[in-house]
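Thanks, everyone. Let's take a quick walk through one model. Please look at the screen.

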Amino acid sequence: MNPIDLVVTVCAVLSPATCEEQHLIFNYAGSPRQCVMAAPPYIAQWVGDHPKWQAVRWRCEYPHPNDRA
């Protein structure tokens, strides 16, 4: 499996106008389009671990090799 960057836009439950992007490494063997379809259980787990946030949208993209963590 190759890592895909799962970019999730999350908004604060108590302040829905407060949103940010979370970049999660998602090990998935398919394309970014297939990743989007397979991501909801992984996103649900993240939201369960971060109950003050709710996921409003997400996308998958290949990691950029020049980005620094």
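One term before we start: two strands count as paired if DSSP finds at least two bridges between them. Also keep in mind that this is a predicted model.

Now the pairing itself. S1 and S3 are antiparallel, and 8 bridges join them. Take Ala 12 as an example: its bridge partner in S3 is Trp 53.

Next, the whole sheet. What is the order of the strands in the open sheet? It is S2-S1-S3, 3 strands with antiparallel pairing. S2 and S3, the latter spanning 53-61, stand at the edges. Each has a single partner strand, so one side of each lacks a neighbour in the sheet. On average, neighbouring strands are turned by 30° against each other, direction ignored.

Then the helix. H2 packs on this sheet and touches S1, S2 and S3. The direction of H2 makes about 140° with that of S3.

On to the core. In soluble globular proteins, nonpolar side chains tend to be buried together. Here the largest nonpolar core has 11 residues. Among them are Ile 4, Leu 6, Val 8 and Val 10. S1 gives the most, with 4 residues.

Setting aside neighbours within four places in sequence, Ala 39 is in contact with Leu 6, Phe 26 and Trp 58.

Methods: Residues are numbered from 1 along each chain as its sequence is written. This is a predicted model: local features need pLDDT of at least 70, side-chain atom pairs count only at pLDDT 80 or more; totals for chains, interfaces and linings use all residues. Side-chain values use heavy atoms; hydrogens and water are left out. A nonpolar core is a set of buried Ala, Val, Leu, Ile, Met, Phe, Trp, Tyr and Cys residues joined through side-chain atoms within 4.5 Å. Buried means under 20% relative accessible area, exposed over 50%, partly exposed in between (1.4 Å probe, protein chains only). Helices (H or I, at least four residues) and strands (E, at least two) are DSSP runs, numbered from the N terminus. Contact means heavy atoms within 4.5 Å. Axes are lines fitted to C-alpha atoms, for helices over the stretch in contact, and angles run from 0 to 180 degrees between N-to-C directions.
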